[in-house]
Protein chains: 2
Amino acid sequence: MTDFNAWARERAEHFERCAERALPPENRLPWKLNEAVRYAVLDGGKRVRPLLAYAAGDIVQAQSEALDHIALALEYIHSYSLVHDDMPCMDNDTLRRGKLTTHRKYGEAMGMLAGDALQAQAFFELTQCKLPAEQVVSLVKLLSAAAGAAGMCGGQAVDLLSVHTKPDLETLTLMHRMKTGAMIRAAALMGLYAGQQMPSAMLIGQMTAYSQAVGLAFQIIDDILDVTADTEVLGKTAGKDEADDKPTFVSLLGLEGARARARAEHEVAMQALAAIEEAGFAGKTERLAQIADFIMSRDH
Amino acid sequence: MTDFNAWARERAEHFERCAERALPPENRLPWKLNEAVRYAVLDGGKRVRPLLAYAAGDIVQAQSEALDHIALALEYIHSYSLVHDDMPCMDNDTLRRGKLTTHRKYGEAMGMLAGDALQAQAFFELTQCKLPAEQVVSLVKLLSAAAGAAGMCGGQAVDLLSVHTKPDLETLTLMHRMKTGAMIRAAALMGLYAGQQMPSAMLIGQMTAYSQAVGLAFQIIDDILDVTADTEVLGKTAGKDEADDKPTFVSLLGLEGARARARAEHEVAMQALAAIEEAGFAGKTERLAQIADFIMSRDH
């Protein structure tokens, strides 16, 4: 098995080629919208959600083309959420990954439409999976629930309303479970639906445990890096979250407490993978373990 | 058979009860988002898209619960598009149907999120249809294609870019086919997928012809009313479109030419229904005919 970084790079490049082909070309009507949509998706990020779907697919010997459609759908939703998040009425960001944000490059109206079109395109993409129709319906259900009011959008709404309040640990955890956790959970579960048949209740249960733990660990590490990357690497005395008086796992648990909590979530994820391995899937969860390790060890 | 107005009113009231039940309650987290989502959907409009789906369902003896889910999904997409359309970066409207627009009442960020959540909810709603899974997948495909870059969002983008240009009749027609026509077509076709089995190619073909003609007639009548309602009823010399130098079917064809074109589209719709009646569905298309008549005769 190749090392994690080589695999992740290869998968991200493969994803990029799939997206290049799947997205409507810039020279086709509505050309400006298509251009904005491609700009929002292509050449971006680590593709964490696709990586999770591909890795989960290993367990069920998933159909590789179906996984590609799932990866595209996940990243369309993630990309649209970033485009809308960057707009003036939300975070009002000018740059993302060193490029102008979509609305700064194409205007706010086109930015909003590009996001809206991407969300529709995500669900269309799922209908292109050559899988038993029951599994496609399950995929639509998982993704729409994760993206909507009970998931990502709902988490953003809770976040909006919690500005200048002091949420407790339970509320903070719930907010993150919805805002980023729901889509990370959907990514891991959707990979399981790309096999020859519906996944077992055991697989769904353990993968839910794995992905919820990984999603939370991801957010805790984010909060830790906001403090440590500033103080230790950049030499600043405090991070952006603290300056913004934003509640984080570090502000609620302290730096050591947050680190301990992240390690505990990592341990939960590993136990879930061990249970899957023992249930007849020996050697099938290595990439998922590597993703969990990567999330713990990342430094930016 | 009850008269059209009584039927349309009964269906709209039935839809309202379905939406009341289906939408997440305001007292459940994320409560402010749920409140905005309910505000955007409830107590609004003539529900033309649900009416088309219900009427099309008559042809195939559709499952009534499945039709309700389809009607909800259609109206969630339509409602979200109105919420986003009303925002400052688009039309910047303060009132809609005598109420404050969603973003004016809940703020721009919450308005955008409510629209985003509604789009996700539309696809979730389709997964709740107790129909053969192949038909549910077809419903997701129809709705996502109609809502996205090749349909509604694409039409809005073409409209945005055509400001201060002089589109010819072909471009104007294409823009409307995408912007409003795609969702009207989807509404009529989706009703056909709520039966016991996949609709025949004949039904799909004739219903496509019917719905495209009805969608175009709807827009032409809109353009005619903008002129005649002003000059004849309100006593103004010219309508808003002309004042805005906005290309319309009236500006391109003249008032009489536009009326003739609307009559021709109505005739196309009626021929499609006649073909369906003759193919073994005698007496099943009356509501669809009434909808076409209603669209021709409306005065506001």
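Good morning. Residues are numbered from 1 along each chain as its sequence is written, while chains are lettered from A and ligands numbered from 1 in the order in which they are written. Because the model is predicted, local features need pLDDT of at least 70 and side-chain atom pairs count only at pLDDT 80 or more, whereas totals for chains, interfaces and linings use all residues.

I begin with the relation between the copies. Two copies of a chain are related by a rotation about an axis and a shift along it.

Next, the interface. It takes 41 residues from chain A and 41 residues from chain B, where contact means that C-beta atoms, placed from the backbone, lie within 7 Å. On the side of chain B that touches chain A, helices α2, α6, α7 and α8 each supply at least two residues. Helices here are DSSP runs of H or I with at least four residues, and strands are runs of E with at least two, numbered from the N terminus. Which helix gives the most to this side of chain B? It is α6(B), with 13 residues.

Let us turn to α8. In chain B, seven of its 10 residues are buried, so α8(B) is largely enclosed by the rest of the structure. A residue is buried if 20 or more other C-beta atoms lie within 10 Å of its own, exposed if 12 or fewer, and partly exposed in between. The buried residues of α8(B), including Met152(B), Cys153(B) and Val158(B), pack against α2 and α6 of chain A, together with α4, α7 and α9 of chain B.

In chain A, Val158(A) is found in α8. Is Val158(A) buried or exposed? Val158(A) counts as buried, because it has 22 C-beta neighbours inside 10 Å. Leaving aside residues up to four places away in sequence, Val158(A) touches Met175(A) and Met178(A), and also Leu29(B) and Pro30(B) of the other chain.

Those partners lead to the backbone. Most residues other than glycine have a negative phi, and most peptide bonds are trans. The bond from Leu29(B) to Pro30(B) is cis, with omega near -10 degrees, and Pro30(B) lies in the loop between α1 and α2 of chain B. In chain A, the bond from Leu29(A) to Pro30(A) is cis as well, with omega near -10 degrees.

Where is Gln61(A) placed? Gln61(A) sits in the loop between α3 and α4 of chain A. Although not a glycine, Gln61(A) has a positive phi of about 45 degrees, and it is exposed, with 11 other C-beta atoms within 10 Å. Arg97(B), in the loop between β1 and β2 of chain B, has a positive phi of about 50 degrees. With 9 C-beta neighbours inside 10 Å, Arg97(B) counts as exposed. Thank you.

Note on methods: Two residues are in contact if their C-beta atoms, placed from the backbone, lie within 7 Å.
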